[in-house]
Amino acid sequence: MSKIAELNEVAELKLNGQVYHLPVISGSEGEKAIDISKLRDQTGYITLDTGYKNTGATKSAITFLDGENGILHYRGYAIEDLAAKSTFIEVAYLLIYGELPNVSQLESFQRELTYHTLVHEDIKKFLDGYPSTAHPMGIVSSMFSSMPSFYPESLNPHRSSEKVNLTILRCIAKMPTLIAWAYKKSVGHPYVYPDNSRDYISNFLNMMFSTPAEEYTIDPIVVEALNVLLILHADHEQNCSTSTVRIVGSSQANLYSSIAAGISALWGPLHGGANQEVIEMLELIKLDGGDTEKWIAKAKDKNDPFRLMGFGHRVYKNFDPRARIIKAACDSVLNKLGIQDPVLEIAKRLEETALSDSYFVERKLYPNVDFYSGIIYRALGIPTEMFTVMFALGRLPGWISQWKEMREQGEPIGRPRQIYVGNNIRPYPELNKR
Ligand code: CMC
């Protein structure tokens, strides 16, 4: 487990004339926390922190993030190094098992993943029931909810670590099949089965884009770009969907159900759903004549519900290191593929205008991971409705590693408190007076 140090510093809380001493702890990168775990027992008071802006919910050894300095590490490795030197599967292994795999570990991990790519044939019956307009996030979340019915050994997450590991492998192996089949359903094409002679990303692309009429030709530029995008999305410590996965799992719910909940949390436009919203926003601005100043003014106007999607972040207050890598990748991928996307120009103009505008500067609002990712997905042929589900594919190893860590640490059930502001006790009205 991580290096937690109890510091000599002590926080003093003076309440109604009495002084309480609260321990101060430090993580391995020096970030500090006041430990309030005994606060209610000692004082009868709780803390109030809507949106958990200042609340550490766990001690985790998976991802380190320094929002002030734009730093992101997975298991001690810089995101820049991982994006440049690793494959997504290596990063998944790193997040879940704690170390980068050696050659034989990687071979065996890949073999296991390949073995489990098929989904149960009856899953197709569920897919058949959806209208073609169904959003893939809803479909994939439901498919995950359905999984324990097919793999009941996942229901008891304590049974054995081998069974848990089997569920982990099945999740990663089956996710591309489920996503590709959700897409095939939306376009009314026959499902393409996994091809176990292909690597993880090529197999996914083949299931997405091959048809009985024409086999999709795998372009290494597309594989490489997708690899980087998935790595950049693979984990992001205690964000909304990950916290959801951990809190659902804390009731000892199985991994599939915990991930189904995480997918639903990711779907929202303030979280993973922002990547779809960004492209829709850029298209809207283009249709409207491309006047970026006008849309920046709308984003600043407190009476206008419009927000600059892909901008701002709860923790990054300087820059999002993932966005830097994606912006550079965006230029390079579009160049290599010979694509000129007019919305890229609009995005760059928006960014330039926003970064020199006092509203955005004062609030420390910078482009986040979602600002440029959609432009790359689009260049790779991924339809807009599929963007958020691509984020889910990338985030899956992160959710799994966080769920596994939470179980291994034996964390208690997650159960925040509240300050009640409703009616006080009152007499029940007579029936004829209601
Ligand atoms: N456009 C205009 N104003 C903004 C924006 C934006 N995108 N983001 C924040 N603000 C303003 C906000 O109105 C507030 O202003 P004021 O202080 O005058 O009330 C101030 O900046 C602070 O914003 P907040 O909403 O209190 O900050 P938060 O930490 O609660 O929310 C956020 C973070 C990401 C939800 C928010 O910045 C946002 O809505 N961004 C757009 C959606 C988006 O791109 N989401 C993807 C996040 S990255 C992917 C992921 O990991 O989820």
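This is a predicted model: local features need pLDDT of at least 70, side-chain atom pairs count only at pLDDT 80 or more; totals for chains, interfaces and linings use all residues.
Where in the chain is the place of Asp 235?

Figure 1. Asp 235 sits in the loop that joins helix 9 (220–233) to helix 10. With a relative accessible area of 0%, Asp 235 is buried, because buried means under 20%. If neighbours within four places in sequence are left aside, Asp 235 is in contact with Ile 62, Thr 63, Tyr 74, Leu 95, Thr 242, Arg 395, Gly 398 and Gln 402. The C-alpha atom of Asp 235 is separated by 19 Å from that of Lys 327, a residue 92 positions away along the chain.

**Figure 2. Helix 3, a largely enclosed helix.** Nine of the ten residues in helix 3 (residues 88–97) are buried, and the helix is therefore largely enclosed by the rest of the structure. Gly 98 follows the helix and has a positive phi, near 95°.

**Figure 3. The largest nonpolar core and the contacts of Met 281.** The largest nonpolar core contains 118 residues, and among its members Phe 144, Met 281 and Ile 375 touch the most others. Helix 7 (residues 161–187) supplies the largest share of this core, with 13 residues. Beyond its neighbours within four places in sequence, Met 281 is in contact with Phe 306, Arg 307, Leu 308, Met 309, Leu 350 and Phe 371.

**Figure 4. Phe 306, a contact partner of Met 281.** Phe 306 is found in the loop between helix 13 (292–300) and helix 14 (321–337). Is Phe 306 buried or exposed? Its relative accessible area is 16%, so Phe 306 counts as buried. Apart from neighbours within four places in sequence, Phe 306 is in contact with Met 281, Trp 295, Lys 298 and Ala 299. Phe 306 and Lys 53 are 253 residues apart in sequence, and their C-alpha atoms are 23 Å apart in space.

**Figure 5. Glu 351 within helix 15.** Glu 351 belongs to helix 15, which runs over residues 342–355. Its relative accessibility is 11%, and Glu 351 therefore counts as buried. When residues up to four places away in sequence are not counted, Glu 351 touches Phe 311, Lys 327, Pro 367, Phe 371 and Tyr 372. Of these partners, Phe 371 is also in contact with Met 281.

Figure 6. Asn 16 counts as exposed because its relative accessibility is 71%. Lys 364 lies in the loop between helix 16 (358–362) and helix 17 (370–379). With a relative accessible area of 42%, Lys 364 is partly exposed.

**Figure 7. Gly 76 in a loop between two strands.** Gly 76 lies between strand 5 (71–74) and strand 6 (77–78). Its relative accessibility of 63% is over 50%, so Gly 76 counts as exposed. Gly 76 and Gly 338 are 262 residues apart along the chain, and 36 Å separates their C-alpha atoms.

**Figure 8. The setting of the close-up views in the whole protein.** The protein has 18 helices and six strands. Its radius of gyration is 23 Å, which agrees with the value near 22 Å that a compact globule of 434 residues would have. Buried residues make up 50% of the 434 residues. Among contacts with a separation of 6 or more, 70% join residues 24 or more positions apart. The accessible surface comes to about 21,900 Å², and carbon and sulfur atoms account for 51% of this area.

Terms used
Residues are numbered from 1 along each chain as its sequence is written. Side-chain values use heavy atoms; hydrogens and water are left out. Helices (H or I, at least four residues) and strands (E, at least two) are DSSP runs, numbered from the N terminus. The radius of gyration is taken over C-alpha atoms; the globule rule is 2.2 Å times the number of residues to the power 0.38. Buried means under 20% relative accessible area, exposed over 50%, partly exposed in between (1.4 Å probe, protein chains only). Contact means heavy atoms within 4.5 Å. Accessible areas come from the Shrake-Rupley method with a 1.4 Å probe; for residues, only the protein chains shown count as cover. A nonpolar core is a set of buried Ala, Val, Leu, Ile, Met, Phe, Trp, Tyr and Cys residues joined through side-chain atoms within 4.5 Å.
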